[in-house]
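Visitor: Please take a close look at one part of this model for me. I would like the details on a pocket.

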Amino acid sequence: MKKNKNIIVTGAAGFIGYHLSKRLCNENYYVIGVDNLNDYYETELKSIRVEQLEQHNNFEFAKLDISEKNKLFSLFNANDPHIVINLAAQAGVRYSITNPDAYVESNLVGFVNVLEACRNYPVEHFIYASSSSVYGANKKIPFSESDSVDHPVSLYAATKKSNELLAHTYSHLYNIPTTGLRFFTVYGPMGRPDMAYFKFTKNIIQNIPIDVYNNGNLERDFTYIDDIVESMFRLIHMAPTENKNWNYLKPNPATSFAPYKIFNIGNNKPVKLMNFIEILEELIGKESIKNFLPMQPGDVYTTFADIDNLFNLVKFQPKTSIKEGLYHFVNWYKNHYK
């Protein structure tokens with residue numbers, strides 16, 4: 001029997017989707033997890049996540065690609081969701097440079113399909129993953145939701161910016177409350193093998209050189225997965241309403257005359273890449289072999305989240321230190337890949 005509110009989580013076999021779905025199940029929501037289980041990275045890890053989620057009797061899994069509109073509509077029709085959280089997307093900045101079609105299919109076509117499903121089967125709140133990558137070439141730090149994000153430097157970033165624009169249009173035309181979340185470099189146990197921290201850990205343990213871009217002169221606002229999930233959980237029942245004080249002459253991109261909001265979710269403490277590597281080496285107990293490389297196309301030098309808007313609304317801010325977060329990840333990694 002379905003209990004409490006039905007929540008559809010797309011990308012439920014993904015890193016954030018898995019952790020969020022687990023939290024929602026533990027909080028007694030009925031979760032319908034959607035994922036296409038693609039092979040962008042090892043499908044075994046995705047299958048393990050789904051198996052663990054299916055141990056909850058208030059979770060059901062649907063193997064489905066959000067680009068398949070008819071199947072998606074059937075799922076909505078059968079489950080009558082109150083809340084939809086869209087975490088399904090083709091991830092990765094560098095992969096988007098050589099595989100643009102995958103991003104168009106999932107991040108644009110698929111995203112519109114989910115919005116259309118929310119329009120045809122009205123929901124109380126639509127939450128979706130955006131990305132810190134939308135800040136692109138911006139130099140002003142910390143990055144604020146009120147900043148212009150009109151100069152993306154990767155196709156991935158451009159699709160995430162497009163998601164925000166599409167969500168706004170549906171909020172305005174169909175009164176769907178939408179919340180976009182700009183995640184800043186999420187890491188932690190059961191994470192994505194394509195991410196730097198995951199590859200670094202693997203290579204250091206196996207004595208394989210790690211690729212260090214821009215000669216290590218990069219900073220990232222690493223955000224631990226538990227802090228991401230806590231922030232998202234607090235936002236679920238805080239559906240945005242129209243901003244009655246919205247200034248048409250000085251429009252703020254973070255809010256709107258429509259029921260639409262954008263939030264940064266970051267740790268608010270950028271870490272230098274070389275410091276990050278040193279912490280990993282200390283936790284693993286082995287020094288890395290470094291392969292220094294130039295800046296890569298689509299990369300940015302620094303990410304740094306202004307999280308005042310998030311804190312003001314939900315009274316929570318990410319707080320896990322990089323050393324504590326990496327400690328949990330390295331322990332998980334060693335246990336998982338014995």
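Which element gives the largest share of the lining of the second largest pocket?

Guide: Helix α6 does, with four residues. This is a predicted model, where local features need pLDDT of at least 70, side-chain atom pairs count only at pLDDT 80 or more, and totals for chains, interfaces and linings use all residues. Residues are numbered from 1 along each chain as its sequence is written, and side-chain values use heavy atoms, without hydrogens and water.

The second largest pocket holds about 230 Å³ of space. A pocket here is an open set of points on a 1 Å grid over the protein atoms alone, where a 1.4 Å probe fits, with protein on both sides within 12 Å along at least five of seven lines. Its volume is the space filled by probe spheres set on the points, which are joined across faces, edges and corners.

Lining residues have an atom within 4 Å of a point. They are Asp-147, Ser-148, Val-149, Asp-150, Lys-161, Glu-164, Leu-165, His-168, Arg-182, Pro-253, Tyr-260 and Ile-262. Two elements give two or more residues to this lining: α6 (155–174) and β11 (260–265). Both are DSSP runs numbered from the N terminus (helices: H or I, at least four residues; strands: E, at least two).

The lining has five nonpolar, two polar and five charged residues. Ala, Val, Leu, Ile, Met, Phe, Trp, Tyr, Cys and Pro count as nonpolar; Asp, Glu, Lys and Arg count as charged; the others, Gly among them, are polar. Asp-147, Asp-150, Lys-161, Glu-164 and Arg-182 are the charged ones. Ser-148 and His-168 are the polar pair.
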